[in-house]
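Please view the sequence and the model before reading on.

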Amino acid sequence: MDRTDSGGAARGATTRAPSSKALRGLDALNFFLADVRDGLGPYLAIYLIAVRGPDQGWNEATTGLVMTVAGILGLVAQTPAGALIDATNHKRAVVIGGAIAVTVSCLILPFISNFYLVTATQSIAHVAGTIFPPALAAITLGVVGPKMFAKRIGRNEGFNHAGNAASAAIAGGLAYFFGPIVVFWLMGVLAALSIGAMLLVPADAIDDDLARGMTEAEAKADEQPSGLATLLQNKPLMLFAVLCAIFHLSNAAMLTSVGQLLTHLSGKDHATSLIAVCIVAAQCVMVPVAIFVGARADIIGRKPIFLAAFGVLALRGVLYTLSDNPFWLVGVQLLDGVGAGIYGALFPIVVADLTRGAGRFNAAQGAVATAQGVGASVSATLAGLIIVSAGYSTAFLALAAIAGLGFVLYLTLMPETRGGAAASGSPDSGTGLPPAVPASA
């Protein structure tokens with residue numbers, strides 16, 4: 001398997017020299033796909049509550065139910081989506097198809113009002129959106145190789161957050177003049193640009209063996225990926241999945257709840273602009289945080305940085321309760337840039353640590369993302385019910401307590417995964433764990 005690609009590196013080699021065109025394509029893809037990959041995100045709640053409103057049967061509880069149903073269907077698709085990325089040699093086509101499906105599903109929303117139709121369109125968007133995280137990580141790993149993966153993932157996340165900040169700023173500015181409907185126009189434009197960016201990455205620049213998480217020796221020996229059942233035998237991976245679920249159980253509903261609170265405080269005419277300010281503020285912080293994590297994760301280690309994410313998330317939930325002033329709420333939202341910035345950069349790195357050599361990197365991402373999705377889906381309904389019954393402050397404190405629980409569990413149970421030590425059961429891992437994922441089934 002001594003084939004060469006357009007980047008000039010042997011396929012299967014762990015040290016690669018990707019072309020500048022491929023790297024620029026990755027930058028552009030992460031930038032333009034940033035807003036598309038999450039669909040309407042927090043704008044969905046604002047649109048349904050502020051534009052449709054109680055007269056059409058929409059409040060915090062019904063909006064949360066839509067997000068929960070769509071989230072559940074999306075999370076069911078997570079592991080199959082990752083397995084698809086492992087199996088396919090047409091990763092660019094999968095990304096393009098996902099972008100089209102998410103965008104069309106969201107663009108239909110202004111023309112429908114029925115609860116079941118709204119739920120169906122958002123469910124399609126969630127299912128299609130499960131493609132993007134494993135696909136982007138796989139394409140990156142296949143282009144740059146494992147030695148440069150952590151640093152490149154930090155750069156990816158930096159461009160992703162910069163794209164979110166730019167699109168939110170544009171949406172906020174235009175929404176002031178044209179209303180919440182502007183987010184739909186913006187999604188269409190960004191989807192077209194993301195497709196163009198994907199085409200900038202040459203197909204032959206992606207090493208499909210490395211993209212699955214195979215090692216150089218396994219790729220040269222034509223070894224097959226391990227069975228999916230081996231993922232269940234990886235105890236550190238399963239623990240990490242639980243911790244990711246806890247993180248998103250706390251985090252997912254915070255921005256949505258802030259958006260709903262701002263809608264009540266400022267009215268529907270300004271809610272979209274204010275939530276855009278929240279997003280821009282957080283995303284601007286996420287850019288340097290993600291780049292820092294990518295550059296320093298191999299030096300500092302994964303565990304101390306991840307603990308910081310849980311700690312900041314808990315603090316953020318508490319601070320939301322101290323004032324209803326819109327400027328205070330926007331200021332607290334800056335902390336989302338720290339917590340989410342760390343999580344986004346470390347998630348694929350830790351999964352890669354724990355699955356190295358198994359050839360199931362993307363299936364493992366999907367499996368962990370399924371747990372993450374469970375937490376995120378339940379979060380929306382949980383927060384909505386607490387808000388309706390006990391108010392916003394109680395909801396924020398409950399979410400903060402969940403983050404505190406995650407901090408304690410990560411501190412006491414999760415091993416350091418730097419260098420794949422936890423997965424390999426090496427003496428320096430400090431865990432005493434057996435090998436977590438065999439190299440082949």
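The points below are grouped by topic.

This is a predicted model, in which local features need pLDDT of at least 70 and side-chain atom pairs count only at pLDDT 80 or more, while totals for chains, interfaces and linings use all residues. Residues are numbered from 1 along each chain as its sequence is written, and side-chain values use heavy atoms, with hydrogens and water left out.

**Confidence**

- The average pLDDT (the predictor's confidence in each residue, from 0 to 100) is 79 for the protein, and 83% of the residues score at least 70.
- Residues 1-13 have pLDDT below 50, and this stretch has 40 contacts (heavy atoms within 4.5 Å) beyond near neighbours in sequence.
- Residues 219-227 also have pLDDT below 50, with 26 contacts beyond near neighbours in sequence.
- Where pLDDT is low, the predicted coordinates should not be read in detail.

**Helix pair α5 and α9**

- Helices here are DSSP runs (H or I, at least four residues), numbered from the N terminus.
- Helix α5 (residues 91-107) packs against helix α9 (residues 182-200) at about 175°, and their axes are 10 Å apart; axes are lines fitted to C-alpha atoms over the stretch in contact, and angles run from 0 to 180 degrees between N-to-C directions.
- α5 and α9 are therefore roughly antiparallel (angle over 145 degrees).
- Residues in this contact include Val 95, Ile 96 and Ala 99 of α5 and Met 187, Ala 191 and Ile 195 of α9.
- By class, the contact has 13 nonpolar, 3 polar and 1 charged residues, where Ala, Val, Leu, Ile, Met, Phe, Trp, Tyr, Cys and Pro count as nonpolar, Asp, Glu, Lys and Arg as charged, and the others, Gly among them, as polar.

**Cavities**

- The whole structure holds 3 cavities of 30 Å³ or more; a cavity is a set of points on a 1 Å grid over the protein atoms alone where a 1.4 Å probe fits but cannot get out.

**Second largest pocket**

- This pocket (an open set with protein on both sides within 12 Å along at least five of seven lines) holds about 220 Å³ of space.
- Of its 13 lining residues, Met 148, Lys 151, Arg 152, Gly 154 and Arg 155 lie nearest the centre.
- α8 (149-178) supplies the largest share of the lining, 6 residues.
- The lining divides into 8 nonpolar, 2 polar and 3 charged residues.

Conventions. 1 Å grid on protein atoms, 1.4 Å probe; cavity = no way out; pocket = protein on both sides within 12 Å on 5 of 7 lines; lining within 4 Å. Points joined across faces, edges and corners; volume = space filled by probe spheres on them. Helix = DSSP H or I, 4+ residues; strand = E, 2+ residues; numbered from the N terminus. Parallel < 35°, antiparallel > 145°, perpendicular 65-115°, else oblique.
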